[in-house]
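Work through the exercises below with the structure in view, and try each task before reading its solution.

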Amino acid sequence: VPESATKLPSKILELMDGFRASKALFVASKLKMFDHLKNKGPVKAVDIANEVGTSVCGTERLLDACAALGLLEKTPQGYSNTDSTNTYLTSDGEYSLHGYIIHSNDHLWPLFTYLESAVKEGSRQNHRAFGKKAEDLFKDYYHSQEVKQRFMAAMHSIAHLTARDVATAFDLSRFKSACDLGGCTGALAHELVQIYPNLKVTVFDLPEVIANTSYFQPPAQHTARVTFVSGDFFKDNLPEADLYILSRVLHDWSDEKIHVLLSKISAVCKPGCEILLAEMVLDDEKKRSTALLQSLNMLVQTEGKERSGSEYRALLQQHGFTNVKIRVTGNLLDVILCIKT
Ligand code: SAM
């Protein structure tokens with residue numbers, strides 16, 4: 001018998017369990033169990049169950065699973081949050097991932113149920129998961145206030161986590177004006193103006209999004225240098241700027257749509273203007289699982305995909321953008337900078 005046959009296939013077993021662990025995290029977040037444990041000493045399962053309004057036996061099993069997964073500490077006195085849980089999993093923390101977790105549970109989970117159809121058909125599955133098919137995914141997202149708010153909260157939480165690394169991957173201090181196309185809640189814009197005191201940033205996004213940004217604004221300070229403009233980047237005039245930013249925008253679209261967008265940017269860009277892309281860049285050997293799983297996430301819901309550095313370089317060069325530089329940040333987004341010549 002080969003040795004490999006007698007060893008447990010731990011990697012496979014862990015992957016078989018992966019969705020159970022994700023769902024345990026999602027449900028504990030959705031029921032706000034981590035909020036109930038915030039800033040408290042150890043709490044018993046029965047007390048959390050009473051506060052949340054859940055069964056004692058179910059709550060105890062969920063909390064035990066969360067403790068075993070490293071999300072909670074468990075002592076004979078009860079359960080408490082770890083430091084990381086306080087920072088990232090309570091719903092009101094500055095760096096809370098709660099918005100993205102709720103989006104994962106309510107939106108991505110149903111879509112991934114149809115991954116098999118997405119692979120067979122090579123296209124998005126919004127109609128199967130949610131019973132309708134709008135012309136593009138953002139029309140799907142923004143048809144209801146609730147879904148839109150949830151999507152914006154998700155984008156905001158992830159953008160906030162990556163903003164500093166995106167803003168500092170290259171020295172951008174020479175720019176006076178930037179336009180963040182598809183800049184959503186302005187999370188990256190606010191980070192940029194904090195880091196670069198001479199920079200003004202225009203956040204350009206669809207009217208439905210711009211109408212909802214006030215909820216996500218930081219308390220005053222640098223907000224005067226961030227402006228919001230609504231429009232459709234495929235159809236409307238783009239604001240003038242020295243630097244155009246596309247953060248997690250190109251991955252939503254096909255090459256054809258990207259050509260439309262890049263040619264519009266190229267037309268308003270003066271020579272010397274630059275484009276900054278923030279995306280999960282695929283490595284040429286295709287070994288980075290986070291980016292590859294993100295590409296499946298794009299398959300189930302968009303017309304787009306994650307691309308490699310050479311694919312982005314080729315798209316940009318066709319529109320006169322050269323000197324393409326790529327920085328791998330170690331965070332969830334990598335950064336590409338190029339100049340119009
Ligand atoms: N840049 C943000 C980030 O990195 O968190 C948001 C990324 S989100 C995946 C894509 C953004 O593009 C959304 O805010 C969406 O509303 C915006 N968007 C989609 N289609 C658009 C269009 N036609 N015109 C302007 N913005 C658009």
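**Exercise 1.** Sort the shell around the ligand by residue class.

*Solution.* By class, this shell has nine nonpolar, three polar and four charged residues, where Ala, Val, Leu, Ile, Met, Phe, Trp, Tyr, Cys and Pro count as nonpolar, Asp, Glu, Lys and Arg as charged, and the others, Gly among them, as polar. In total 16 residues surround the ligand, each with its C-beta atom, placed from the backbone, within 6 Å of it. The closest are Ala159, Gly182, Cys184, Ser247 and Arg248.

The model is predicted, with local features needing pLDDT of at least 70 and side-chain atom pairs pLDDT 80 or more, while totals for chains, interfaces and linings use all residues. Residues are numbered from 1 along each chain as its sequence is written.

**Exercise 2.** Find the domains and describe how they meet.

*Solution.* The domain assignment, which is automatic or taken from a database, gives domain 1 (3-91) and domain 2 (100-340). Their centres, taken over C-alpha atoms, are separated by 32 Å. Four residues of domain 1 are in contact (C-beta atoms, placed from the backbone, within 7 Å) with four residues of domain 2. On the domain 1 side, the touching residues comprise two nonpolar, one polar and one charged.

**Exercise 3.** Determine where helix α7 bends.

*Solution.* The bend, of about 40°, is at Ser104, and is the angle between axes fitted to the seven residues ending there and the seven starting there.

Note on methods. Contact = placed C-beta atoms within 7 Å. Helix = DSSP H or I, 4+ residues; strand = E, 2+ residues; numbered from the N terminus.
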